[in-house]
Amino acid sequence: MSDFWIHLLVYLVILFGFVIVSVLIFIWLERRLIGRFQLRPGPNRAGPFGLLQPIADAIKVLIKEDIIPSEADKGVFWLAPLVAFVPVMLMFAAIPFADGVMLVDLNIGILYILAVSSVTVIGIFMAGWSSNNKYSLLGAMRTIAQEVSYEIPLVLSILGVVMLTGSLSMNEIVKAQDVPFILLQPLGFFVYLSAAMAEVNRTPFDLLEAESEIIAGFHTEYSGMKFGLFYLMEYAEVLAVSAIATTLFLGGWQGPLLHPVFWFIAKVLLVFMFIIWVRATLPRLRIDQVMAFGWKFLLPLSLANLVITAFEILIAPDINTAVLIGINIAVMFGLVLLFSRFYKLGGGRVSIK
Amino acid sequence: MTAVLDYPQLKAALSKELPGIKIQADGSFLLVSPEDMHKVCERLTSLPSIQMDYLTNLTAADYPEYIEIIFHLNSITHNTSATVKTRLTDKKNPKMASVVDIWRGAELQEREIYDLFGVFFENHIGLKRIFLWEGFEGYPLRKDFVNGH
Amino acid sequence: MSVLSNTGGGILKGMRLTFKHLFRPWITVQYPEEKLAMSKRIRGNQVIWVKETCIACLACARACPVKAINMEVSRGEDRKLKVDHMSIDFGLCIFCGLCVESCPTKNAIYMGCGYETTTYRCTNVEKAEGQSFSECRCRELILTGDELGPSETRVLSGYDRPDAAEKLPLQTLLINKKGYFER
Amino acid sequence: MAIKTENFILNIGPQHPSTHGVFRLRIVLDGEVITDLEPVFGYLHRGIEKLAEGRTYLQDIPFTDRLDYLGSMTNNHAYVMAVEKLAGITVPERAEYIRVILDELQRIASHLAGLGFFLNDLGALQTPLLYMFREREKIVELFDMCSGQRLNYNYYRFGGFVQDLPEEFLPALKILLDTLPGFIDEYEQLISTNEIVLIRTKGVGVLKRDLAINSSAAGPVLRASGINWDIRRNDPYSIYNRFEFDIPIAKNGDTYDRYMIRILEMRQSVRILRQAVKDLPEGEIMGKAPKLLKPPAGEVYSRIEGPKGELGFYLVSDGTDKPYRWRVRPPCLLNLSALKDMVVGWKVADLMAIFGSIDIVMGEVDR
């Protein structure tokens, strides 16, 4: 067997293990943290500090009866969780855990990740459509609208980073970050995080499974292992988004003294905890407001970010980094304030004849 | 304090507006015949000096000879209240005109009376049983309804 | 009105508040291990009947709004009323306490402090011919005679019985929880 | 370009996370927009009015607990007051003060629960709900202390109370009153200026002033539409005319106003409570009332301002120990009269926000 195959196999196993284990830890962490935000201890029965709770949940989900609605489109219903789950796993292939420690160092890493991640939405729509349930369909329709629109600001916000490094390879981007790009690209980071939270359907953009409105959205009819896959998919997506944010904006595996993998995981956890914090605080937006936020607020902001970055690179390539950081942060606050004053939400009551 | 209207005075005012209606002023309520009820209610809301714009409570009670429909009215403008009643003597097939077009608040309460007393309200916007299912036999709040317990 | 009002300022304020809550003690109770002292007047899921002091006046049976108390009395040879049969159906009881209030002796019937009466399933259902499921009675919930008396698990509650209330511990209150009000 | 589309009918409920019980709504959707709506009631109908007719006046008190189970104290008060009016029973001074204290505490507790669930319906993942239930819990513990149960209090009696307040009650209440305004400030920090809450609620589900009156809306829903109508002020019962308090009134009648009115009302309740605790006299807690009550033949309609709105009891007595007719004026049911006008034209998500802001309890809607 050649080195290539050994490399591939070992990394696949490690990656798969890493994703599964960290998803379980994420689930535990989210429930504990949300609990603490809400003045309760969170799950604390299974194992010390409730650490075994996700495993207990996983076992429960595995041995549950698998129900398929009689009117469902069975083939699509079966395929949907897989179509949703596999792309998320594929995303991890191009994420560097340390210098060069990744499955493949693609020279178009970012492009690959973005391309693969947008396939997930097809799985979700398949689930919503095939369930033959009106709530599922509503959830699926919302997903399509939301995820397709948020791809654009997401990609545009990443372009700033690409312009700064001049490379699409994830490893190169990390290496280029002497100063984490969150300081050089604060606006880009803001847009990226907002858009990414909408991409992975976290509060306040969790419209597709809005519990108080459409019960569970696209996976209303799912149970057993198929539901488990969706659940896994959601958290793996959050993990991927946190990992990408870490790689692109927070300096990736770079850090003093300790092992790069430690730094990488610590930064991922930091981003994830922020996402949980937002989830614990904010209510949900309405579908038209989500769309307005994406198209009228994030899209112009990300375009402005692109233009400003281009100017900085072209006109003042030798400027002092500290000054640049100051300018960038000032520009971000100025633009966010300016835009939020001027954009109109629209929507509202529709007159019915 | 919400002042209760003086019923003889109210009767006089209404008889002047609507000559020929059967109306009776008791000590604590105004008794109107079912046929005139809708007209009286209309006047009660529209007359500027009375202006009973708020239907507080609309209910019924089953007595041996008749079913009584009781309106508890309020005027938010004048902070006054009045009780108007009507008696439906035909217990087999009681009916009267609906007042939903005057007070929207009567919609659900009339449905409730229809459901539990079997009083039919004409021109109601969607008169059907509200709590019990269609096909339930009998009207539970009538005294002749015998339940299991 | 700050610069940030309507542009994210409110969201930041809320996030600050939730962050503060992260460091406050939690308010929930870890139930089976940690139990609160209940109210002294607790109307738990028990009604306790003291056979010795009962004068068989049937006041409690009459006061019951749901007819859960079934008491049969007869006159003994000494012309005194005695209780032949006493049973309370806890499937019917709504724990309103009216029987306790109605008792003229004030020491024959009490509410109980217990509230842990759950079991996994009812094994003994009494069902007559032609009865619907809601009409049949679970025999385990019908307590008769001595089963209704006080015991270690059936502690007298102080509901309308000040003398019994004195023996009970003070109620734990969330208000008195430490580390919470020092904001 | 016109695409041929079809409306579709969606059944919301009876089992649904945000129908607050077993309420069913049949809505017609055009995409996400609601074009028609029909509420379906009766899933929690227990026939309480019929049941009450077969029992004595005293035995009916536990049934009032089970109407609006988040406001049992006020339900008790409304019913007990109606019977007292019917039978001519006077209530001692101390009992009246205690009634005001318990009523206002109940109003705060009910508003907290209502607002918490409303925010849950907005999608705020239980955080505001749990913060609000923390304060509600403190109030419920006080009720538990004096009545013995946490939900179905059954504490009021004709002429007064079962028992006097326990001695631990007032010190605990004083701590509560000292800290509660601070916690209400916290809720406002979390919610009142939150941009997402603002855009989700401002201008949404407007109930116009005229329609609010015409559809017999009551309580916070009526006052949010700009009508100065509060039974405590307009038709004072008990001893409410002795206290100083304001009736908060909004003017837009939208979902945000209905939220804000409740926050302001809680502050006013704290104000009333402070005065009542200060003036609470010593003395009897039970007036003279016969053990087996037989009110003289007659009828009475008596009402109080419950947390959800005007809660009235219409009783007819025929001189026996059982009521001849026992009727509740259910504020929750009547607040739903104008639901269709508020909801049509809005989206599914708004339906939940509007519905939550009306704050209904199915126990009272279906009885």
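This is a predicted model: local features need pLDDT of at least 70, side-chain atom pairs count only at pLDDT 80 or more; totals for chains, interfaces and linings use all residues.
Residues are numbered from 1 along each chain as its sequence is written, and chains are lettered from A in the order in which they are written.

**Chain D with chain A**
- The contact, in which two residues count if their C-beta atoms, placed from the backbone, lie within 7 Å, takes 32 residues from chain D and 29 residues from chain A.
- Among the elements of chain D that each supply at least two residues to this side are β1 (8-12), β3 (33-40), α4 (93-121) and α5 (127-147), where helices (H or I, at least four residues) and strands (E, at least two) are DSSP runs numbered from the N terminus.

**Chain D with chain B**
- Here chain D contributes 29 residues and chain B contributes 24 residues.
- On the side of chain D that touches chain B, β7(D) gives the most, with four residues.

**Helix α5 of chain D**
- The 21 residues of α5(D) should span 30 Å at 1.5 Å a residue, and its end C-alpha atoms are 29 Å apart, which agrees; the expected span is 1.5 Å times one less than the number of residues.
- In α5(D), 21 of its 21 residues are buried, a residue being buried if 20 or more other C-beta atoms, placed from the backbone, lie within 10 Å of its own.

Methods: A residue is buried if 20 or more other C-beta atoms lie within 10 Å of its own, exposed if 12 or fewer, and partly exposed in between; C-beta atoms are placed from the backbone.
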